Amino acid sequence: MNTKGDITVPLLEGRGLVKAYGPTEALRGASVRLDAGEILAVTGTSGSGKSTLLHCLAGIAGPDEGSVSYGGERLDRLPEKRLSELRRTEFGVVFQFGQLIPELTAVDNVALPLLLAGLTRADAHTRAGEWLERFGVRGQAGLRPGEMSGGQAQRTALARALITGPKIVFADEPTGALDSLASEQVMTALVHTARESGTAVLLITHDAQVAAYADREVRMADGAVVPVGVTA
Amino acid sequence: MSIRHILLGLLAGGPSHGYDLKRRHDERFPEARPLAYGQVYTTLQRLVRDGLAEVEGTDSDGGPERTRYRSTEAGARELAEWAGQIAPPAPFVTNEIFAKVVVSILSGGDPDTYLRAQRAAHMARMRELTAVKTAKGADLATVLSADYALNHLDADLRWMTTTAARLTTLTAEVDSA
């Protein structure tokens, strides 16, 4: 938890986010906060603005209106160099189809962020092997993404997203292309690892069984966050 | 739920006392409502009356005397027949959530707010069950029963989401008429 003076500052906060693509308003004043170490599910039907919200919060796209703050600092006021460093070291991102590099083996894919950060090839490979082990895919270390099952590829993508020790992992429908057993393995691996390392997760999903792995849920409809109802 | 067939199934593994049957039932069906002792003994007596089980003997082990039961051949046949029979797929739609939404629409109530609150309660229960099944060392019976409940709650949720969307459409149609 970050603090500024006496006021508790959320790890990440989006306020009044508006984002349009041409005439289509994907976000119409969405607000959301994520605390350190929290696993938050953002749910809603297709087209409700979930992915656009993730893009704005992760600094991939800038909102037309509203603000995103990370540890109390507004992303839109950061120099591009600092923002790009944040995205590389403190944010991890996983999409529905892991976005692994097809020409590289699993271990090379996972080692890549460490190589970019300046580690030697030997060190990066040793640590990548350890992370593949944590996600139960060490046996697939020498395979390329096309030679793995969907679930193995997603667990490899998660290892790559978490290896730099990010503060937040943004996961956009990480199990969207998987059957229920593979989905369960991916979610269990993600949640256990995030809890062990204190990483916060912003999880976009339309699947309630996936959302049930999170600590909390916010629900979107028509580009805004709607009340989820009060449990008596 | 047929308690007599479940007891026959537990007896298929070998003779047992009523107390052990209750304990084993609660272990095998961890998220189910625990069996009451009275229900176990009454059911065992009926199984004996119908020739599906019989008394094998009694043990005391220094404590109160306990009757040991075993399944009969007729019991084994009855069990095999029951286990292979299909369960009627939802013969009646009698669900409290469905009933509340319909009654609420009829009486001019607020089904949308109710559905949101119900959804939050369902999600909270799904988070509990997910934590139970993903806890380190959870056994297969626990995982299977949690999966069963999660899939049913998920089906309820999908119905609630569609219904909430239909309520909005319906209201819009009424308003524009």
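At what angle do helix α3 and helix α5 of chain A pack? In this predicted model, the angle is about 20°, and the axes of the two helices lie 7 Å apart. Helix α3 of chain A spans residues 106-116, and helix α5 of chain A spans residues 150-162. Angles under 35 degrees count as roughly parallel, so α3(A) and α5(A) are roughly parallel to each other. Their crossing is right-handed. On the α3(A) side, the contact is made by A106(A), N109(A), V110(A), L112(A) and P113(A). On the α5(A) side, T156(A), A159(A) and R160(A) take part. By class, five of these contact residues are nonpolar, two are polar and one is charged.

Helix α1 (residues 3-11) and helix α3 (residues 37-49) of chain B cross at roughly 80°, and their axes come within 10 Å. That makes α1(B) roughly perpendicular to α3(B). From α1(B), the contact draws on I3(B), R4(B), L7(B) and L8(B). From α3(B) come Q39(B), T43(B), L44(B), R46(B) and L47(B). Five nonpolar, two polar and two charged residues make up this contact.

Now turn to the strands. Strands of a sheet pair through backbone hydrogen bonds, either parallel or antiparallel. In chain B, three strands form an open sheet in the order β1-β3-β2, with antiparallel pairing. β1 (16-17) and β2 (53-59) of chain B stand at the edges. Each has a single partner strand, so one side of each is left without a neighbour in the sheet. β1(B) pairs with β3 (residues 66-71) of chain B over two bridges. Here H17(B) stands opposite R68(B) of β3(B).

Key. Residues numbered from 1 in each chain as written. Chains lettered and ligands numbered in written order. Predicted model: local features only at pLDDT ≥ 70, side-chain atom pairs only at ≥ 80, totals over all residues. Pairing = 2+ DSSP bridges. Helix = DSSP H or I, 4+ residues; strand = E, 2+ residues; numbered from the N terminus. Axes fitted to C-alpha atoms, helices over the stretch in contact; angles between N-to-C directions. Parallel < 35°, antiparallel > 145°, perpendicular 65-115°, else oblique. Left-handed = near helix turned anticlockwise from the far one by under 90°. Contact = placed C-beta atoms within 7 Å. Nonpolar A, V, L, I, M, F, W, Y, C, P; charged D, E, K, R; others polar.
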